Amino acid sequence: MATQAAQQVNQAGLSRADYKGAPSTLCQGCGHNGIASQITSALYELNVVPETVVKFSGIGCSSKSPTYFLSRSFAFNGVHGRMPSLALGALFGDARLHGIGVSGDGDTASIGIGQFKHIVRRNMPMVYIVENNGVYGLTKGQFSATAELGLSLKRQGTNPFLPVDICLEALASNASFVARSFAGDPRQLKELLKAAYSHRGIAVIDIISPCVTFHNQDGWLHSYTYGKEHEEPLHEISYVPARDEVTVEDFEEGTTRDVELHDGAVIRLKKLERDYDPTNRAAAFQILEEANQSGELVTGLIYVNPEIPSMFDAYNLPEEGLNRLPAHKLRPTPESLDRLNASFA
Amino acid sequence: MAEETPAPASPARKPIVNDFCITFSTINGSGSATANNILLRAFFRMGIPVSGKNIFPSNIQGQPTWYSLRLSKDGYLARLERDDIVVAMNPATIAKEVGFIVPGGVLIYADDIKLTELRPDIIAYPMPVKQLVKESEVAPGLRDYIANMVYVGVVGYLLKMPLDVLRQTIEVHFKGKQKAIDSNFGTVRAAYEWAAANLTKTDPYEVTPMDRTKGYVMTDGNTAGALGSLYGGMQFCGWYPITPASSLVESFTDYAAPLRTDPETGKQTFAVVQAEDELAAAGMIVGAGFAGLRAMTATSGPGLSLMAEYLSLAYYAEVPLVIWDVQRVGPSTGLPTRTAQCDITEAYFIGHGDTQFILLFPGSVQECFEFGWRSLDYAERYQTPVLVMSDLDLGMNYWMTPAFEYPDQPMDRGKVLWEEDLEKMIKERNGDWGRYLDIDNDGIPYRTVAGNRHPRSAYFARGTGHDEYARYSEEPDVWERVLNRIAKKFETARNQLVKPVIQSRQGARIGILSVGSTDPAIIEALDCLQANHNLPADYLRVRAIPFSDEVYDFIRNHDRIYVVEMNRDGQLHQILRLNIPDCTSKLISVAHIDGMPLTAKWICDQITTQEAK
C-alpha cells in the first residue's frame, strides 16, 4: 500500500511529496501546522506546478509556515507587517505566477494593517492567509489586535480593547474574496483554499488557528474548544475545477448556489440554515456583525466578487514574464536618445 | 571671476557683457516659472553659459518665490551671493531684495509697488505691468499669468536681446499651441516696445551671442535620472511622493510610455506603482528586485528613514535595487524645498546589524543620467542596494549640461541563472548548487529568480540566518561565514565602480575633496584661489562609496585636504576619517548648511582663512 501511495501522481505528474515542505518547527498541536497540510493537499489536488507559486510571509509564528509546504516554490520571508508590498513587487516579475501569502494576526492586524488594507484595495491577485490566534507567540504571549476584550493572559493581565475583525477590515477595503475558516475544520479549509487559489484578485482567508502554548483557553474565540462548539458554517462548500463537469452528487437541487470564478472554476455552496448570498456585500457586513454580537464564529465564503478588476488589469504587462525581457527590449535605441537631447537643446 | 565688487554707478561705465546675475522676485503659483524659464532658455539659445536656481517656499500658491539666473561668459554655473539686477513683482519682499543689489546694480519693478526710499547707488526702472496687461487682449482669468511676460519683454530690451530670440524660445516652449504663443509673445513684444519708447538705459548690463552652449542640453537632474533609469532598463518602480524626488518618477512615467512600449506586442516593459508610504515603496522594490526586475525608487531623507528596515533585509538577502535620495534640508521636515547634502551619513549607516551600501554621487545633470543606468547595473552585478545621492539643487533646477551619452556598455544583468544556465551549472558542479555559494571567489553568488521553472531553481529568501544553500540556520560559524562573504562583495566592487574625478594644478600641496552638486562652486573657487590668492589646489570629487584606491592616494599625497559639503557636521569628512584613520589630522571639514547652494566665494574664504592659520 505504502509503495502504491508513493507512486500516485496528480495530473501535473507530481506526487504529494512534491508539495511538501520542511518539517515544522512550530509547537505540537499548533493550528498553523494543520493549515500547512491543507495547503499542500489543496495544491496537489489542483495539479499546481510548484515552480509557478511564490510564497510570502512577514514575521511571527504564522510567517514561519511557508517553510512547511511547497519546498519547490520560491519564497520570501520579509519584514514584520510588510509582506504585502514585498509580494506585490515580486509578483510583477511574472504575472503568471501565483502568490500565497501567510501572515498572522499581529503581522496583519497590528504592524501590518496599513499594507494589508492597501493590497486588498488594489485587488492584487494572491491568496492572503491570516493564521489568527489572538496572541503573539514568538515573543511569548502578548495580546494581538484580534484578542477579545476581557481576555486575560499570563503576565499581560486583562485586555482592555475591542478586537480588530480581519474579515470586516478586508470587506471595508473592498476585498473581492473574503472567507473565514477554522484550523480544526480541514475539509472546509481545503475547499476554501482551492477557491481562493483560483480567484483572480486578492483572496483573504482569516483562519482561526489556536495557539496551544499561549492562548488556548476554553471559552475564548481563538481556542479549539470554542471553535468546535461555536463554528457556524454559512454553507458547505465544494470547489469544482473548470475542467471538471459541474456536477456534485452530494448537493440536492434547489439548495445549492454556484459562484463561477474567473478561470471557469466553480465554488458550489450548499445552503445550511439560512439563505446566505456571498455575492452581496451588504449581507456580508451584516452576517459579520451578527456573529460579532452573538459570539458565533461564522465560517465559509463570506464575500466574493470575481468581476472586480485585479491590480494587473490596471497595467499593460507583457504576456511572458516582465522579468524575462531581454536587454534590447528594455533599452531604447541610440536614435531615441539623440531626439531627446535635441528636445533639451 | 567670483565676487569682484563692481565700480560705483556712472553713465560712462564699461558695458558688463554676459557676466551678471538677475533675480526675479515673484509670488508662487502666478506662472512666473514660465517667464523665468523662457529667459533662461533664451540666453542658452544665444550660446551664453547660464544657470537658473529656483528658491521656492513649501507652499502651493501665494508665497514669495525667487529665481536667480546667472550668466557667465567663463562658464561658471554656481550660485552668486550678490544680485546685479533684481526684477521685483512682489511688494511684500522688495525692501529686502533691494538690499542684495550690488552698488551700480539695477532694480526693475512693477510700478504699482510703492517704493519708500530708493538707494541712490542703484538704477531703477518701473514697469507699467497692470497697464500693459490691461491693454493685451488676453482673457481676464489669464491676466495674472501673463503679467510675468511683461518683465520678460522689459528685461529683454534692457539687456539688448534680439526680440526674435524671445519669440523663438516662446514658440518652442508652447510648441504647437498657437493661442498661447500669440498671447505670451504679444505681451512680451508690447513690453519690449514700451521699454524702447519709454526707458533710457543708463546701466551697463547687456548680452551678446556667444558659442559656448553647443553640445549642451538644458534640463534638470530628476529628468536626467529618470531617463538614465529608463535607458538602464528600469522595470519596476514603487514610490511615494516627496519633495524634491517626486518629479524623478513622474518624468520616468512621462517618457517611458512612448519609449518603453514594445512595438511588437504593444505591451509596456515597465510598471510604476504609487505606494501607500515609503515603507511599502521599499517592500515593493525589494520584492521586484528579488523577482529579477530592475527595481528603483526615489525619495528624500524622511522617506529614506522609513526604508531602512527593508534595506537591511535587502543587504542580507542580497537583493538588487536602487534608491535615489534627492536630498533636502533636514532633520525632520526641515526645509523641504531647499537643498542640502545632509543624508550622507544616514545613507552610509542606514542598516541595522553589520551592513554596507554602495553610494553614488552624481555631480552634474549629465551624471544623473549616467548614474541612472549604471546604478541598475551595479545593483544587479553586486546583488545589493545602491543609493544614488542627488539633491534638490541638482534634481529640480535646470542646468546646462553636456548632452546625454548613450550607455557605452551593454546592460549588465549580473549572475542570473535561467533554466538552461542552471541546468548547465548543476551538471558542471556535479549537482552542487546553492543560492549563496561563492563559486567565483569574488563574494558574489549566482541567483535564480521567481518564474524560473527548473525544479531546483527555487530558494527561500529570508532575513533570518541562512547558509550557502539558503537553508535556515542559527549556526554561529554559518552566520559569520556568510556575513564575511557578503563583505567581500564590496571589496570586489570598490575599484570597479565609477572612479573619482581629479583635477590637478601645478604646485598644489592642498586638495579639495567633495561630492555631488558642490562641484560648480568648487570649480570656480579653484580659479579664485589660484588667481586671487596664488593658492593652487587639486580637487577630487568622490563619485562612489566604497572609496577606490584613488581617494586614499589623493589624501595621502596632499598636505591638507579640505572636505567641502553642504551639511552641518561634515558628514563626508566623518566617513573619510573612519575609512582613513591614519590621515585624520590632515582632513579639514568645510561644511555649511542654510538651504542655499554653496558659492565659490564662501569656499574660497573658508580655505584662505584656514590656510592663514
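User: In this predicted model, what do the buried residues of α20(B) pack against?

Analyst: Three elements of chain B: α17 (519-533), β23 (560-565) and β24 (587-591). The buried residues themselves are B:Ala600, B:Trp602, B:Ile603, B:Cys604 and B:Ile607.

User: How do you know that the length of helix α20 of chain B agrees with its number of residues?

Analyst: Count 1.5 Å a residue: the 13 residues, 600-612, should span 18 Å. The C-alpha atoms at the ends are 18 Å apart, so the two values agree.

User: Why is A:Lys55 called buried?

Analyst: The cut-off is 20 or more other C-beta atoms within 10 Å. A:Lys55 has 28, so it counts as buried. You'll find it in strand β1 (residues 53-57) of chain A.

User: Which residues is A:Lys55 in contact with, leaving aside its neighbours within four places in sequence?

Analyst: A:Pro66, A:Leu70, A:Ser73, A:Ala75 and A:Ile100. Take A:Ser73: 18 residues away from A:Lys55 along the chain, with a C-alpha separation of 7.0 Å.

User: What puts the buried residues of α6(A) on the same side of the helix?

Analyst: In helix α6 (residues 113-122) of chain A, the buried ones are A:Gln115, A:Phe116, A:Ile119, A:Val120 and A:Arg122. They cover an arc of only 165° around the axis, so they sit on the same side of α6(A). The background is that an α-helix has 3.6 residues a turn, so residues three or four places apart point the same way.

User: How many residues are in contact between the two chains, and which element gives the most on the chain B side?

Analyst: 55 residues of chain B meet 46 residues of chain A. α9(B) gives the most to the chain B side, with nine residues. That side divides into 34 nonpolar, 14 polar and seven charged residues.

User: What makes β2(A) and β18(B) a pair of strands?

Analyst: Pairing needs at least two bridges, and three join strand β2 (residues 74-77) of chain A to β18(B), running parallel. In one of them, A:Phe76 has B:Ala461 as its bridge partner.

User: And how do you know that β3(B) pairs with β4(B)?

Analyst: Same test: at least two bridges are needed, and six join β3(B) to strand β4 (residues 64-72) of chain B, in antiparallel fashion. B:Ser51 stands opposite B:Arg70 in β4(B).

User: What makes β3(B) mostly covered?

Analyst: Five of the six residues in this strand, residues 50-55 of chain B, are buried.

Notes
Residues are numbered from 1 along each chain as its sequence is written. Chains are lettered from A and ligands numbered from 1 in the order in which they are written. This is a predicted model: local features need pLDDT of at least 70, side-chain atom pairs count only at pLDDT 80 or more; totals for chains, interfaces and linings use all residues. Helices (H or I, at least four residues) and strands (E, at least two) are DSSP runs, numbered from the N terminus. The expected span of a helix is 1.5 Å times one less than its number of residues. A residue is buried if 20 or more other C-beta atoms lie within 10 Å of its own, exposed if 12 or fewer, and partly exposed in between; C-beta atoms are placed from the backbone. Two residues are in contact if their C-beta atoms, placed from the backbone, lie within 7 Å. The arc is that of the directions from the helix axis to the C-beta atoms. Ala, Val, Leu, Ile, Met, Phe, Trp, Tyr, Cys and Pro count as nonpolar, Asp, Glu, Lys and Arg as charged, and the others, Gly among them, as polar.
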